[in-house]
Amino acid sequence: MLVEPTARGLYCAAGDFYIDPWQPVERAVITHAHGDHARPGSAAYLAAKCGVPILRLRLGPEASIEGLDYGEPRTLNGVKVSLHPAGHVLGSAQVRIESAGGEVWVVTGDYKLDPDPTCDPFEAVRCDTLVTESTFGLPIYRWASPRDIFDGIDAWWRTNAAAGRASVLFGYAFGKAQRILASVDATIGPIIVHGAVDVLNRGYRACGVELPETRMVAERGKRGRGTSRQENDDFAGALVLAPPSAQNTPWLKRFGDYSDAFASGWMAIRGTRRRKAVDKGFVLSDHADWPALNRAIEASGATQIHVTHGYIAPFVQWLTERGLDAHAMKTEFDSVGGEEAGA
């Protein structure tokens with residue numbers, strides 16, 4: 001095998017590097033900057049150039065990071081490596097690995113095929129062997145068009161604004177929040193962001209991604225002397241973007257009368273919506289749904305498929321029944337769901 005799972009992560013012995021290692025190594029090739037894929041402590045990192053500012057926020061200023069343009073080849077111990085857009089979040093990449101003998105593997109990391117104005121679109125990369133995620137690898141997961149989803153978010157925000165309420169929308173701070181910002185109708189009202197979102201927004205803007213004007217909570221709701229106006233009045237009609245960790249915390253009390261919602265692929269399951277205890281659930285994912293997973297595999301032309309994190313067993317069975325040479329590949333990302341997945 002050109003790539004195999006080890007105690008430290010997915011390892012390419014021929015090139016002597018790891019892909020998204022979960023323990024410190026000498027050389028790490030990173031698919032994207034979500035915390036379950038990019039971990040500090042390795043001696044050297046290789047990643048897509050457009051995502052380096054975000055990656056540095058994750059790894060720290062002292063990390064040794066080399067950025068590659070998409071498609072730019074880099075030879076490691078005689079193995080040719082290149083990074084190709086995965087469409088997941090800013091700087092996300094599929095890792096194409098070509099051995100000296102011409103065998104080609106692609107490790108997708110996390111990916112989606114839906115359009116996203118905040119990152120480069122997914123690129124189908126031909127290969128002999130494909131390592132694919134399966135976060136939403138069941139037929140029940142089928143996304144509506146992004147425009148329909150964002151029209152729904154806009155309608156919810158407008159209704160709340162007309163009633164004098166704030167609209168608090170929970171979503172992962174890296175990727176999800178910026179995709180929402182770039183896709184909603186920013187003319188509806190002011191947009192307030194949690195500090196965890198604001199720091200990522202600055203990284204996106206530094207990479208040239210256009211986002212509407214946003215403000216921190218501390219920049220609004222400051223009550224002047226000699227007025228009885230309540231602080232939370234300043235948030236009426238605002239869209240408030242916050243990470244899931246802010247749910248059920250005192251931070252929310254400042255918004256007074258608000259409606260809350262959650263944006264995630266897991267909102268497709270009614271039980272998950274109930275457990276999140278929000279007024280509204282928007283099925284918005286930065287991962288491929290069932291049809292997209294199948295399209296991506298077909299477009300790769302791969303004759304062998306290794307399935308990682310998500311619904312591994314049922315997806316392997318599905319692929320095997322369709323005549324593909326499919327296998328489970330165990331990684332530390334095998335659990336289904338979770339905030340770090342940016343689902």
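**From a strand pairing to the core**

Let's start with two strands: β12 and β15 run parallel to each other, paired over four bridges. This is a predicted model, and in it Ser 167 sits opposite Leu 239 of β15. On another pairing, β15 joins β13, again in the parallel sense, over three bridges. There, Val 193 has Leu 241 of β15 as its bridge partner.

Now look at where the side chains of β15 go. Leu 239 and Leu 241 point one way from the strand, while Val 240 and Ala 242 point the other way, and all are buried.

The buried ones are Lys 176, Ala 177, Gln 178, Arg 179, Ile 180, Leu 181 and Ser 183. What covers them includes the strands β12, β13, β15 and β16, along with the helices α2 and α4.

Which residues have the most contacts inside the largest nonpolar core? They are Leu 55, Leu 169, Phe 174, Ile 180, Tyr 204 and Leu 239, in a core of 44 residues. Elements giving two or more residues to this core are β5, α1, α2, α3, β13, α4, β15 and β16. Of these, α2 gives the most, with five residues.

Leaving aside residues up to four places away in sequence, Tyr 204 touches Ile 54, Val 89, Leu 90, Thr 118, Phe 174, Gly 175, Gln 178, Val 209 and Leu 211. A second, separate core has 22 residues, among them Val 106, Tyr 111, Ala 296 and Ala 326.

Conventions
Residues are numbered from 1 along each chain as its sequence is written. This is a predicted model: local features need pLDDT of at least 70, side-chain atom pairs count only at pLDDT 80 or more; totals for chains, interfaces and linings use all residues. Side-chain values use heavy atoms; hydrogens and water are left out. Buried means under 20% relative accessible area, exposed over 50%, partly exposed in between (1.4 Å probe, protein chains only). Contact means heavy atoms within 4.5 Å. A nonpolar core is a set of buried Ala, Val, Leu, Ile, Met, Phe, Trp, Tyr and Cys residues joined through side-chain atoms within 4.5 Å. Two strands pair if DSSP finds at least two bridges between them.
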